Amino acid sequence: MILSKFVDELPIPPILKPRWKDPFYTYYEVTMTEFRQSLHRQLNDSTVWGYEDGYPGPTIEVERGEKVLIKWMNNLPDKHLFPIDYTVHGAHQDVPDVRTVVHVHGACVEWESDGYPEAWFTKGFKHVGPYFRKQIYRYDNCNHACTLWYHDHTLGITRLNIYAGLAGFYLIRENRERSLNLPSGNYEIPLMIQDRTFNKDGSLYYPKQPEKPIPELETSITPEFIGDTILVNGKVWPYLKVEPRKYRFRLLNASNTRFYRIKLDSGQLMYQIATDGGLLDYPIGIKEIMLAPAERADVIIDFTNLEGKNIIMTNDAPAPFPGGDKPDPNTVGQVMQFRVTLPLSSVDTSTIPAHMIPVPKIKEQSVSRIRYLTLNDTMDQYGREWMLLDHKPWAAPISENPKLGATEIWYLINVTGNSHPIHLHLIDFQILDRRNFDVDTFNKEKVIDYTGPAMPPEPQERGWKDTVRANPKQVTRIIMQFGPFTGLYIWHCHILEHEDYEMMRPYRIIR
Ligand code: C2O
Ligand code: CU
């Protein structure tokens with residue numbers, strides 16, 4: 001089904017109001033519900049799941065260091081919107097179908113409030129997973145100003161829960177950022193980019209079976225989900241009317257599997273100011289931005305002197321990435337449209353600063369431990385493709401036990417044919433480099449035989465990151481310091497179809 005493009009206006013999620021706020025803490029309540037929402041004017045309203053009756057959920061805005069308590073509540077029906085695969089870890093028939101747990105992606109947070117995949121809960125907290133510890137989560141917000149997002153993280157059904165709509169923005173602000181005079185207020189807009197496929201009746205489609213179905217088993221898990229329609233903030237191919245001035249956009253790829261390579265069809269530069277973990281040293285002017293699932297980029301786009309112009313944000317990343325089909329330029333090759341049709345309401349005094357916030361390099365001399373971790377694929381008992389981290393399934397004993405305060409380098413050795421966006425909870429890391437190596441030699445002899453020089457991260461990645469693209473046949477090296485909390489966290493591939501089917505591992509920070 002091909003829907004008309006740029007006929008609906010971009011929705012901007014509302015800012016969530018706290019139930020209570022005093023100088024010591026702020027308290028929010030957020031309820032997950034099922035409801036119908038118009039995702040495109042030519043479609044019947046679609047049944048979706050959301051937080052506070054919205055898809056995406058409301059934006060949560062906090063100050064760096066603010067103590068925030070959130071009671072996340074599940075008021076969803078008992079029946080799931082999409083086919084559950086009962087052969088997948090954590091989703092066997094012994095647990096209720098509809099389970100939820102909320103993770104604030106990129107948050108500096110105690111482990112009990114991090115949304116551990118087995119800390120799920122059902123409606124009214126009637127049933128809870130084995131790692132459930134508390135109903136009210138506590139966030140210390142020790143991050144610097146940055147764009148985070150919250151989303152579901154339930155073991156074995158994360159891909160289905162997020163696909164149903166369970167995602168929203170979580171922004172951290174601070175004075176250091178305010179003093180930079182970036183575009184703000186009405187000129188600062190979050191953009192959550194996702195792909196979906198619709199049934200004729202307007203309902204969302206998620207496959208029941210993989211490409212090669214297994215007789216007599218309902219097995220919805222597939223190695224990837226690629227939708228044929230692009231949505232931003234829950235609208236199909238929307239447009240946004242803008243003034244001829246500078247805007248700040250917080251780009252987030254919240255898709256299950258799809259990568260995006262974003263460009264403007266006007267050929268103009270975008271000025272990237274922030275990565276996953278906050279502001280860069282200085283803005284970089286770029287023509288294209290690569291975003292794997294869960295990656296963010298804050299950009300300033302300047303519409304000055306473009307009165308009357310329509311500018312389309314395009315995407316030319318193959319799906320799956322790399323090696324998949326090039327997107328059709330008439331459909332998924334487009335994301336949204338900017339219409340420079342609003343009159344300038346006041347002089348644009350915002351700036352693209354020459355310098356922002358220094359990003360001090362983590363020193364390699366401070367490293368106390370190096371870990372070599374393979375990203376590999378194999379076959380499960382039904383002959384389905386199975387992606388793993390270091391050959392281990394989720395349930396294998398914990399093998400990564402960094403010490404509190406320790407600095408480590410992880411070598412992500414990707415022997416598969418896909419790029420995997422690898423995400424670590426709790427900490428931000430820096431990308432050291434990527435380097436090609438010989439996969440056959442590695443598979444046979446377990447030695448890394450480099451076939452090229454180490455390549456530095458792309459300019460757009462030279463800041464704090466929590467998700468990194470580990471490309472096929474490359475070793476990607478990241479460096480990070482573990483803390484400020486101890487406890488049980490996880491690391492995983494952020495392709496939701498991969499993390500749901502074993503490409504996820506617990507890790508523990510110890511004293
Ligand atoms: Cu965006 Cu483990 O999550
Ligand atoms: Cu993956």
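In what order do the five strands of the open sheet that contains E24 stand, and what is the pairing?

Analyst: This is a predicted model, in which local features need pLDDT of at least 70 and side-chain atom pairs count only at pLDDT 80 or more, while totals for chains, interfaces and linings use all residues. Residues are numbered from 1 along each chain as its sequence is written, and chains are lettered from A and ligands numbered from 1 in the order in which they are written.

The order in this open sheet is E23-E22-E24-E28-E26, and the pairing is mixed. Strands here are DSSP runs (E, at least two residues), numbered from the N terminus; two of them pair if DSSP finds at least two bridges between them. The edges are held by strand E23 (385–389) and strand E26 (430–436), each with a single partner strand, so one side of each is left without a neighbour in the sheet. On average, neighbouring strands of this sheet are turned by 15 degrees against each other, direction ignored; the axes behind such angles are lines fitted to C-alpha atoms.

Within the sheet, strand E24 (residues 407–414) pairs with strand E28 (residues 474–481) in the antiparallel sense, over seven bridges. In this pair, Trp-410 stands opposite Ile-478 in E28.

Another open sheet of five strands, again with mixed pairing, has the order E13-E21-E20-E15-E18. Its edge strands are E13 (239–241) and E18 (289–291); each has a single partner strand, so one side of each is left without a neighbour in the sheet. The twist from one strand to the next averages 20 degrees.

Note on methods. Helices (H or I, at least four residues) and strands (E, at least two) are DSSP runs, numbered from the N terminus. Axes are lines fitted to C-alpha atoms, for helices over the stretch in contact, and angles run from 0 to 180 degrees between N-to-C directions.
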